[in-house]
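This briefing is for a reader who has not seen the structure before. Please look over the sequence and the model first.

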Amino acid sequence: RITMEKKTDFFKLDYFLILITAVCCVFGLVVISSAVKSLDSSQKYVIVQSGAFAIGFIAMIVAAEIDYSRYGEWAKYIYIICILMLGATLVFGTGKEESGAKSWIRFGAIGIQPSEIVKIGFIITFAKHLSMVKNVNTKRNLFALILHLIPIAGLIMLQPDLGTTMVFMCIFAGMIFVAGISYKLIAAAAVCIGTAIPIVWKFFLQPYQKSRIIVFFNPESDPLGDGYHVVQSKIAIGSGRIFGKGLFKGTQTQLGFVPAKHTDFIFAVIGEELGLIGCMAVIALLFTLVVRCIYVSNSSKDKFGRYICVGVAFMFMAHIFENIGMCIGLMPVTGIPLPFFSYAGSSLVTNLIAIGLVLSVQKRSRTISLQ
């Protein structure tokens, strides 16, 4: 006789997922401490990242303890808050002019990146929307789903932040794919995207974004300008060979040749100082985390929980592929952090809350017992 039970006990949390997450965070702190060793006030970065880890870990446990079905009940309010946060960013946002985007809201010395937090809101609200749709392949339903994305993606593009917009599009695409989107519609979307590329290039991309894409195809064409980041990153990763030069001993890192070494190009630091072995360890940890999220999605008691886990998995995958890809010259430079490893407080807290959502689904998932 097969019976279905629901996990509700605190001790039935997925401690393997928690362990992998904690290992990634601690590993990230160690690498960041090496990356910032040569910078002024290097301890500040480690302290801030440690504080974000503590806050995020508490938020993760809180998110796990709340029944995820409650998030679905709050979906409309969450979506409105997301729109308001992104709107406030356009009005009060700050950022570095050289990066092109003004994506931060600062309160004195404290800054938050609303678009990072909105990723959680989008996953929840879009998962709720998808769970209420019986067939994603009808024109009406598909249009409504696209309309769910447009306001959020549009507001982020206005910052302008192309990299983060692409992450949202990857989350959207991954979730509707799992929901059963027709392959014919996928092909039609590919054609539309191909047709839209010239329009986006001419009217929507900023000059610095166009430059990044041009240099992407040939970084050596401008090694001291827009191609500098990728060229130095590839040199650093290549020089690490199999076993690396050792923590705190990477010449490209410690002498300051690798730009944004503690944030966007943290993978270059890992490659130089820990070598191929270190790179493979990081990839294995992140791959395991993504696979675990998908595993939990398969045991969810309903579609809403399943789509939450899938959305989180695709969020991580988008970041991992883009960040590592740009560090080795396979993707354009977009300023996307490596989950749990890059110095990015808002990103770290967001990622830990995302894990909390998965834990909430797992805690209340189905278990099968044979009697």
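The model is predicted. Its chain has an average pLDDT of 88, and 93% of the residues score at least 70. Over residues 1-8 the pLDDT is below 50, and this stretch has 26 contacts in the model beyond near neighbours in sequence.

**Nonpolar core**
- The largest nonpolar core contains 96 residues. Phe 316, Phe 340, Phe 341 and Ile 355 have the most contacts inside this core.
- Apart from neighbours within four places in sequence, Phe 341 is in contact with residues including Cys 24, Phe 27, Ile 32, Ile 266, Val 282 and Leu 286.
- In soluble globular proteins, nonpolar side chains tend to be buried together.

**Helix α14**
- Helix α14 covers residues 345-363, and its end C-alpha atoms are 27 Å apart. This agrees with the 27 Å that its 19 residues should span at 1.5 Å a residue.
- Of the 19 residues of α14, 17 are buried, so the helix is largely enclosed by the rest of the structure.

**Backbone geometry**
- Most residues other than glycine have a negative phi, and most peptide bonds are trans.
- Gln 159 and Pro 160 are joined by a cis peptide bond, with omega at about -10°. Pro 160 is in the loop between α6 (139-157) and α7 (162-178).
- Ala 260 is not a glycine, yet its phi is positive, at about 45°. Ala 260 belongs to the loop between α11 (251-254) and α12 (266-298), and it counts as partly exposed because its relative accessibility is 29%.
- Phe 340 also is not a glycine and has a positive phi, of about 70°. Phe 340 is found in the loop between α13 (303-327) and α14, and it is buried, with a relative accessible area of 2%.

**Aromatic rings and charges**
- The count of aromatic pairs comes to 10. Tyr 68 and Phe 304 make a tilted pair, at 5.8 Å centre to centre and 40° between the planes.
- This pair links distant parts of the chain, with Tyr 68 in helix α3 (residues 68-73) and Phe 304 in helix α13, 236 residues apart. Both Tyr 68 and Phe 304 are buried.
- The rings of Tyr 71 and Trp 74 are edge-to-face, because their planes are at 80° and their centres 5.9 Å apart. Tyr 71 is buried at 8% relative accessibility, whereas Trp 74 is partly exposed at 33%.
- Phe 122, Phe 126, Phe 168 and Phe 172 are linked into a cluster by ring pairs.
- Lys 128 lies over the face of Phe 304, 5.6 Å from the ring centre. The charged end of Lys 44 sits over the ring of Tyr 45, at 4.8 Å from its centre.

Terms used: Residues are numbered from 1 along each chain as its sequence is written. Side-chain values use heavy atoms; hydrogens and water are left out. Helices (H or I, at least four residues) and strands (E, at least two) are DSSP runs, numbered from the N terminus. The expected span of a helix is 1.5 Å times one less than its number of residues. Buried means under 20% relative accessible area, exposed over 50%, partly exposed in between (1.4 Å probe, protein chains only). pLDDT is the predictor's confidence in each residue, from 0 to 100. Contact means heavy atoms within 4.5 Å. A nonpolar core is a set of buried Ala, Val, Leu, Ile, Met, Phe, Trp, Tyr and Cys residues joined through side-chain atoms within 4.5 Å. Rings of Phe, Tyr and Trp (its six-membered ring) pair if their centres lie within 6.5 Å; planes under 30 degrees apart count as stacked, over 60 as edge-to-face and the rest as tilted. A charge sits over a ring if NZ of Lys or CZ of Arg is within 6 Å of the ring centre and within 35 degrees of the ring normal.
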